[in-house]
Every structure is written in structure tokens, then in C-alpha cells.
Amino acid sequence: MDKKSIADKKSEAAKGGIKIKQSTKRSKAIFCCKLVVVAAVSAFFGTMSAAYYIRNAYDSKGTGQTILKVIDDNNDTIRQTSISKVSGSIVSISDDKDGFKTRKSCNTTGVILRENGYIVTSYNDIVKMNKYVVKIPSLGIKSTFDAKLIGYDILTDIAVLKIDKKNLPVIEFGNSNSLKEGDKVISIGNCIGDDYVGFVTTGIVNSLNNYIELPAEKDADKMKYRVIETSALINNENSGGVLINVNGEVVGFNSAYIGQKYSKAPLNYVIAVNEIKNIVDSIINYGRVKRTILGFDGVDLVSAGDSSTAGVYVQNITANATAAKAGIRPTDIIIEFDNSKVTCLEDIMKLMKEHKTGDKIKCKILRDGRKKDVELVLQE
């Protein structure tokens, strides 16, 4: 082989070497691209699988097409039985039929409480509506009904609507007192009327030791309500909906208003269902909440000394209310209520939960250093 041939082969080998290096770089680039494509495809089919799972959960109840948005912060599977038990009872509320097509921001969620058409929702979500139109996605296309307002409770942000329809699927109440910290809960709402759920979030019960007090700090008639502190997201999209346990039982009613006013970010507050069952029943039965009223403002009092005095110091009296009719006056100190010693307003609030309008309660007060017995007849 002559020198030229050898040189040519070396030249070809050199060129081949360059080609091999270029091919290696190209292979790496192609490999990276494939990884990106595989990841994207996997994410897509993962999402589709989740949607398929939940769609089957809803379709098992005949609710038709399904999910708009699902947020599961814990990446756990949402139990089919939990969702399907409540799915048919979720409704959407707007102030006109076209509101569901345009997905108006003022729309909200509601839940069917009784099979003859009673629906619970958030008062603050409907307070600006001139009329009420309810859509029940689980019933299909012809599922829009005019509704009337039965009553509401501003303090707990509860409103009750009524539509002319029977044999409706209803929610099932759970026992919020049986919840424990760490229990899984699911928040459900549908403010835009699409086939079934518009917004589902999952979380856990973070705390059961939080309360909100309404309305005024010194008002003896303020009410104390237990709230469920949860990591499940509560916002305008599921406000008016419900918080359920893993058995599909309602343990709380969602209120964006309550959450925004009282919650500790990033956690959310939901008033426990056991706290407001009677409120909902009262609205349905009487068109309003029948609450007893004592009718005075007071502060906790402790006097230092050998014989310290503890009780509730009466500051102001509401004319013609329960306390006034019993003869209680400003500057009186309530030391016993319902045959129990009291040291603060909270003691009286707890004892009042055991009574209703018309009940008679024996009290002991201090007036000018002397004890005096009085009897209260609770008024609405």
C-alpha cells in the first residue's frame, strides 16, 4: 500500500472519528428529548387516568360527565364511595339560567338537604342575588329550577332555598364530634353547573380545638361554634358546598366568608355540622333561627382578697329582654347560673346550649354585697 493510500485511510478514519463524536452528541440530545416526551405523555395519561377514575365514581350514580378540577394535596386516591354518596346532592346556584353558561363569578354551590327540595347554601354568596336559579347537574340537561328563599342566619352564614321538586338525592349527615386530628376529609363544590363536581379538594383535620364566637365579645348572647381546622382548600368555587369524611358523610358546611374572616392561612375553618343542624332545622320550620336571648353585656370578674368573688359583671341591660324582666340590673354580679357556679361569660354560654325558649333558669347574683336569687324565663 502506497503512502497516499495510507494517508487517505487515516483521513477517512479521522473523518469517521468526527462523525462518531457528532453522532454521540446527537444521540444524547435525542435521548433527552425522548425523556421529556415520555414524562409529558406519562403526566397526560396520569391525569386522564385520575379523571377516568373519578368519572367512573360519578357515573356509578348516573351523574353523567364529570370533573372540572381536582386538587389532592396528599396525592392519595379519592375514595369512590366517598364522592359517589354525595355527588348527586350537589347543586349550583345563580341569579339567572344563563349564569351557568357564562360561568358568572357570583354563582355558588348548594347541597340538597331534604328530598322535597330544601337546599342549604352560603348566605353571603346569595345575598346580592335578586332571584335564585338552581341547577342539579346529576339530573341531566333539564335540571334547572326557580327557587325561593326560606330563611337565613347571618351569624353562621347559612341560607335555605326551596325548589318545587321531589324525590331528590339528599346528603347524609355525619357526626363531627367523632372526627379526630389527622382524619382525611374532602371538600366538594360546584358553582358553575357543569356535570358534576366543579371543585374537589382533599386534606386532613388539623385541629378540633378552635371556636369562633358570634356576635360581640361582651354580649352574653354571643354564640360559640366549634370549627374544623383543615388543610382542604375552601374558596369561592366550593363555598356553599360541604366537607365530608371518607364515608361520604357531611361533617361541615363550606363558607368562603367564614374562612376568610376567621381562618389562619394556609389552613381553613369549616363550622362543624353538629353545631348548625338545629339552625338549619329552625330555618326550615320557622323561616328563621329561634335563639334565646338573655339581653345583657358583661365581663369576667375576679376580686382579690380573703374571700375572692368570681362571676360575670353586668354592664348593660337590654330593655324588655330576659335579664331585664327577671330584675337584673347593671352592676349586678352573676355568681351562679342554672344552679352552677360561673366565673366567666363562657360558662354561661355553655349552660345556655342546654336550654330553649320558655325554659326557667335559677340564678344567684351579688348586689351591693348581698346575694339575691332571681329566675330567668328565656325569651326568643
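Q: Which residues make the nonpolar surface patch of about 260 Å²?
A: In this predicted model, that patch is made by Leu 149, Tyr 152 and Ile 154.

Q: Where does Tyr 152 lie?
A: Tyr 152 lies in strand E6, which spans residues 144–153.

Q: Which strand does E6 pair with over six bridges?
A: Strand E6 pairs with strand E7 (residues 158–163) in the antiparallel sense. Within this pairing, Leu 149 has Leu 161 in E7 as its bridge partner.

Q: What do the six strands form?
A: They form a closed barrel in the order E2-E3-E4-E7-E6-E5, with antiparallel pairing. On average, neighbouring strands of this sheet are turned by 40° against each other, direction ignored.

Q: Changing topic, how many aromatic pairs are there in the whole structure?
A: A search finds two. One of them is a stacked pair of Tyr 123 and Tyr 152, at 4.5 Å centre to centre with 20° between the planes. Tyr 123 lies in helix H4 (residues 123–126) and Tyr 152 in strand E6, so the pair ties together parts 29 residues apart in sequence.

Q: Is Tyr 123 buried or exposed?
A: Tyr 123 is buried, with a relative accessible area of 14%.

Q: What about the rings of Phe 173 and Phe 253?
A: Their centres are 6.4 Å apart and their planes at 75°, so the pair is edge-to-face. Phe 173 lies in the loop between E7 and strand E8 and Phe 253 in strand E12. Phe 173 is partly exposed at 32% relative accessible area, whereas Phe 253 is buried at 6%.

Definitions and conventions
Residues are numbered from 1 along each chain as its sequence is written. This is a predicted model: local features need pLDDT of at least 70, side-chain atom pairs count only at pLDDT 80 or more; totals for chains, interfaces and linings use all residues. Side-chain values use heavy atoms; hydrogens and water are left out. Two strands pair if DSSP finds at least two bridges between them. Helices (H or I, at least four residues) and strands (E, at least two) are DSSP runs, numbered from the N terminus. Axes are lines fitted to C-alpha atoms, for helices over the stretch in contact, and angles run from 0 to 180 degrees between N-to-C directions. Patches are made of residues with over 30% relative accessible area and no salt bridge: like charges are joined within 9 Å, nonpolar side chains (Val, Leu, Ile, Met, Phe, Trp, Tyr) within 5 Å. Accessible areas come from the Shrake-Rupley method with a 1.4 Å probe; for residues, only the protein chains shown count as cover. A salt bridge is a side-chain nitrogen of Lys or Arg within 4 Å of a carboxyl oxygen of Asp or Glu. Rings of Phe, Tyr and Trp (its six-membered ring) pair if their centres lie within 6.5 Å; planes under 30 degrees apart count as stacked, over 60 as edge-to-face and the rest as tilted. Buried means under 20% relative accessible area, exposed over 50%, partly exposed in between (1.4 Å probe, protein chains only).
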